[in-house]
Amino acid sequence: MKIMTIDGNERDIAQDLIDGFKLKIKGQLLFPQDTLYNDSRTLWNAMIDRKPAMIVKCIGTADILAAVQFARDNSLLMCIKAGGHNIAGLAAAEGGIMIDLSLMRGVWVDKKNKIAHAQGGCLLGDIDRETQLHGLAAVLGFVSQTGAAGLTLGGGFGYLTRRWGWTADNIAGMEIVTSDGKLIRANAKENNDLFWGLRGGGGNFGVVSSIDYNLYEVGPEIIGGLIAWPAEESEKILKFFKQTADSAPEELTMVAIIRPAPPAPWLTKEWHFKPIIALLACWSGNLEEGKKYLEPIKKFGKPIADIIIPRPYVQMNSLLDTANPKGRRYYWKSEYLPELKDEMFKSFITYGGKITSPFSAMILFQLGGALNQLDETYSPAGNRAAQYVLNITSAWEKPEEDEQNISWARDAWNEMKKFSTGGTYLNFLTEDDGKERTRYALGNNLLRLKEIKTKWDKDNFFRMNWNITPL
């Protein structure tokens, strides 16, 4: 069979080599003719439709090591899939070998030391479910179906970021299979240069087989949910959002959203698909104290729906799942913001009113807090001046609607990027962002990342396509 090589050519791989490789793994080896192949190769973003020549469904670290050695011995192009949720579809490579970690979803909680040991294929929901049994939580993201490894390697932020920093700031250690086929332990004491690079510098150093997450006392119940108003109230709501966010304690995280109302049961039918503005809020601290801070939000204006209630933290982390289902077509643009300005609100509202799909949205994620208190070089995730994330999320279902939905997102971004810190979130970069945009995500940390990459993968086996020149 033909498999793509790392230099972009195709190579014939003899059947006896493939048969020999099969004997070295315990997981499944899938080819395009196999029943499970399509389900395994399919990613969250339907815009990405690549077909690997071979998929290795690993059930343990030994399978990963064998797959890396096989690819390295034959100079074959390799990609790595955990959750397959990345907007740019980095988990799939046309004609290459896909290392699929989706069967490796074990989580072990060390309650005494407040550490969760998570296998490389874990989704965020896997970690939340196990840690919440002990009233503990890791700093993760907003959608429970996201792969934890990809989120972490690209930085990661969510409801707890204001309290404890980026996801990548809260890692105790990792195990990684490097390009020379070795299993390496990386933490603050062992291989600490590699450990630094893995905490937000992207996934180009090897295959991460497990991650140890620091845990914090959160839940199992928090106060959170959504509250919505008609879109005509957007200017007033956004100013209230800014006022509340500027004075909010780190236990409170809010998100402002303009979008067509979803056909959700918490909204009456008369509002379905009509433009709304909503605030998503999560209070992760003391519940009685939280009621005091959330009461002004619940009483502001005349909401058309309010589901901000005490609820399990696990449930809070899956509230956005139905708005981000696998199989839609997605295109995003994103920037970090240093502050919220009235001029920015005008653009935010204008493009919120120009949305071309019932599934698209203009989103402002609140940051600030703990991440601002660390040095820019603490982890490659950097961007310590960020107070908010602007995310322009275009989502639709039909290929013939690609142009109009992509154009809307690009137009909004071109208008609003002037409000940026100059930085952007690595995990939100799309296929067409290119090497230049990576510089804005990683900044001057790129210089150190280059040194680490050269040391641990000098032949660039795990392909890196970055512009290494710092800003």
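# Close-up views of a predicted model

**View 1. A four-strand open sheet with mixed pairing.** Here we look at an open sheet of four strands, ordered E3-E4-E6-E5, with mixed pairing. Strand E3 (28–30) and E5 sit at the edges with a single partner strand each, so one side of each has no neighbour in the sheet. From one strand to the next, the twist averages 20°. Helix H3 (residues 61–73) packs on this sheet and touches E4, E5 and E6. The direction of H3 makes about 170° with that of E6. Keep in mind, for this view and the ones that follow, that the model is predicted.

**View 2. Strand E6 and its two parallel partners.** Zooming in on E6, we find strand E4 (residues 54–57) paired with E6 in the parallel sense over four bridges. Strand E5 (residues 78–81) also runs parallel to E6, and four bridges join the two. Are the faces of E6 (residues 97–100) covered or open? Both are covered, with Ile 97 and Ile 99 buried on one side and Met 98 and Asp 100 buried on the other.

**View 3. A five-strand antiparallel sheet.** This open sheet has five strands in the order E7-E8-E12-E10-E11, and the pairing is antiparallel. Strand E7 (107–110) and E11 are the edge strands; each has a single partner strand, so one side of each is left without a neighbour in the sheet. The twist here averages 15° from strand to strand. Helix H4 (residues 124–132) packs on the sheet, where it touches E7, strand E8 (115–119) and strand E12 (207–214). H4 points at about 35° to the direction of E7.

View 4. Strand E10 (residues 171–177) and strand E11 (residues 183–187) pair in the antiparallel sense, with five bridges between them. Gly 173 has Asn 187 in E11 as its bridge partner, while Glu 175 stands opposite Arg 185 in E11. The two strands form a hairpin with five residues between them. Look in the turn for Gly 181, whose phi is positive, at about 75°.

**View 5. Helix H8 and its buried face.** Helix H8 (residues 234–247) has 14 residues and reaches 20 Å from its first C-alpha to its last, close to the 20 Å expected at 1.5 Å a residue. Its buried residues are Ser 234, Ile 237, Leu 238, Phe 240, Phe 241, Thr 244 and Ala 245. Down the axis of H8, the buried residues fall within an arc of 160°, so they line one face of the helix. In an α-helix there are 3.6 residues a turn, so residues three or four places apart point the same way. Over on the other side of H8, Gln 243, Asp 246 and Ser 247 are exposed.

View 6. With twelve residues, helix H14 (residues 445–456) should span 16 Å at 1.5 Å a residue, and the 17 Å between its end C-alpha atoms agrees. Which residues of H14 are buried? They are Asn 445, Leu 446, Leu 449, Ile 452, Lys 453 and Trp 456. These cover an arc of only 120° around the axis, which puts them on the same side of H14. Turned away from that buried side is the face of H14 that carries the exposed Glu 451 and Lys 455.

View 7. Asn 405 lies in helix H12 (residues 402–416) and is buried, with a relative accessible area of 0%. Leaving out residues up to four places away in sequence, Asn 405 touches Thr 356, Ser 357, Ser 360, Ser 394 and Trp 396. Asn 324 lies in the loop between helix H10 (313–316) and strand E19 (329–337). Is Asn 324 buried or exposed? Its relative accessibility is 19%, so Asn 324 counts as buried, since the cut-off for buried is under 20%. Apart from residues up to four places away in sequence, Asn 324 touches Trp 44, His 85, Val 143, Tyr 330 and Trp 332.

View 8. The largest nonpolar core has 80 residues, of which Ile 127, Phe 157, Leu 198 and Tyr 213 touch the most other members. A second, separate core has 41 residues, including Ala 281, Leu 294, Met 344 and Ala 409.

Note on methods:
Residues are numbered from 1 along each chain as its sequence is written. This is a predicted model: local features need pLDDT of at least 70, side-chain atom pairs count only at pLDDT 80 or more; totals for chains, interfaces and linings use all residues. Side-chain values use heavy atoms; hydrogens and water are left out. The expected span of a helix is 1.5 Å times one less than its number of residues. Buried means under 20% relative accessible area, exposed over 50%, partly exposed in between (1.4 Å probe, protein chains only). The arc is that of the directions from the helix axis to the C-beta atoms. A nonpolar core is a set of buried Ala, Val, Leu, Ile, Met, Phe, Trp, Tyr and Cys residues joined through side-chain atoms within 4.5 Å. Two strands pair if DSSP finds at least two bridges between them. Contact means heavy atoms within 4.5 Å. Axes are lines fitted to C-alpha atoms, for helices over the stretch in contact, and angles run from 0 to 180 degrees between N-to-C directions.
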